[in-house]
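Visitor: Hey, can you walk me through this one? I'm new to reading structures.

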Amino acid sequence: IEATKQYTAQQKEDFQRKAHEELVAIQKQISALRGKATEASASTRAGLQKSLNELEKKRDAAKDKLDELRAATDAKWSEVKVGVNSALDELKNSYQKALSRLP
């Protein structure tokens, strides 16, 4: 039983670390996109700004899910893991949409 608990705790820690790294990488991409938006035409910039605002909301939601994961017990972490994966996937999809708005 103790080995199972340790294995579960290790899985949780590994997933947390990977999810955090992914979130940091996406944040860097969002910052780069924000920089590119300043160079775009006025009409493109307006659309990108809306997309960037949406991205930031989704990033915050993903951060909240990651915080939930950190607070989750070892028994409940797999349930929270699904929400974290979903939030990160949604964030990545929104980033790709925003990126496609660039000329």
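Predicted model: local features only at pLDDT ≥ 70, side-chain atom pairs only at ≥ 80, totals over all residues.

Visitor: Which way do α2 and α3 cross, left-handed or right-handed?

Guide: α2 passes α3 in a left-handed crossing. A crossing is left-handed if the near helix is turned anticlockwise from the far one by less than a right angle, and right-handed if clockwise. Residues are numbered from 1 along each chain as its sequence is written, and side-chain values use heavy atoms, with hydrogens and water left out.

Visitor: What sort of residues make up the contact of α2 with α3?

Guide: By class, there are 13 nonpolar, three polar and seven charged residues. Ala, Val, Leu, Ile, Met, Phe, Trp, Tyr, Cys and Pro count as nonpolar, Asp, Glu, Lys and Arg as charged, and the others, Gly among them, as polar. Leu-55, Arg-59 and Leu-66 are among the α2 residues there, and the α3 side includes Val-84, Leu-88 and Leu-91. Contact means heavy atoms within 4.5 Å.

Visitor: Okay, switch to α1. What angle does α1 make with α3?

Guide: About 15 degrees, with their axes 11 Å apart. That makes α1 roughly parallel to α3. Their crossing is left-handed, and the contact takes in, among others, Phe-15, Ala-19 and Ile-30 of α1 with Val-84, Leu-91 and Tyr-95 of α3. By class, this contact has 13 nonpolar, four polar and four charged residues.

Visitor: And how do the axes of α1 and α2 cross?

Guide: At roughly 165 degrees, coming within 11 Å. That makes α1 roughly antiparallel to α2. α1 passes α2 in a left-handed crossing. The class count for this contact is 12 nonpolar, five polar and seven charged residues.

Visitor: Which elements give two or more residues to the largest nonpolar core?

Guide: Start with the core itself: of its 24 residues, Ile-30, Leu-33, Leu-55, Leu-69, Val-84 and Leu-91 touch the most other members. The elements giving two or more residues are α1 (2-39), α2 (42-71) and α3 (77-100), and α3 gives the most, with eight residues. A nonpolar core is a set of buried Ala, Val, Leu, Ile, Met, Phe, Trp, Tyr and Cys residues joined through side-chain atoms within 4.5 Å.

Visitor: What's Val-84 in contact with?

Guide: Leaving aside neighbours within four places in sequence, Val-84 is in contact with Phe-15, Ala-19, Lys-65, Leu-66 and Leu-69.

Visitor: Is Arg-59 buried or exposed?

Guide: Arg-59, found in helix α2, counts as buried because its relative accessibility is 13%. Buried means under 20% relative accessible area, exposed over 50%, partly exposed in between (1.4 Å probe, protein chains only). Not counting residues up to four places away in sequence, Arg-59 touches Leu-23, Gln-27, Ile-30 and Leu-91.

Visitor: What about Ser-51, buried or exposed?

Guide: Ser-51 is buried, with a relative accessible area of 9%. This α2 residue touches Ala-98 and Arg-101, again not counting residues up to four places away in sequence.

Visitor: And Lys-97, buried or exposed?

Guide: Exposed, because Lys-97 has a relative accessible area of 59%. Lys-97 sits in helix α3. From C-alpha to C-alpha, Lys-97 and Leu-48 are 9.6 Å apart in space and 49 residues apart in sequence.

Visitor: Last one: how far apart are the C-alpha atoms of Asp-14 and Ser-43?

Guide: They're separated by 43 Å, and the two residues are 29 apart along the chain. Asp-14 is in helix α1 and is partly exposed, with a relative accessible area of 25%.

Notes:
Helix = DSSP H or I, 4+ residues; strand = E, 2+ residues; numbered from the N terminus. Axes fitted to C-alpha atoms, helices over the stretch in contact; angles between N-to-C directions. Parallel < 35°, antiparallel > 145°, perpendicular 65-115°, else oblique.
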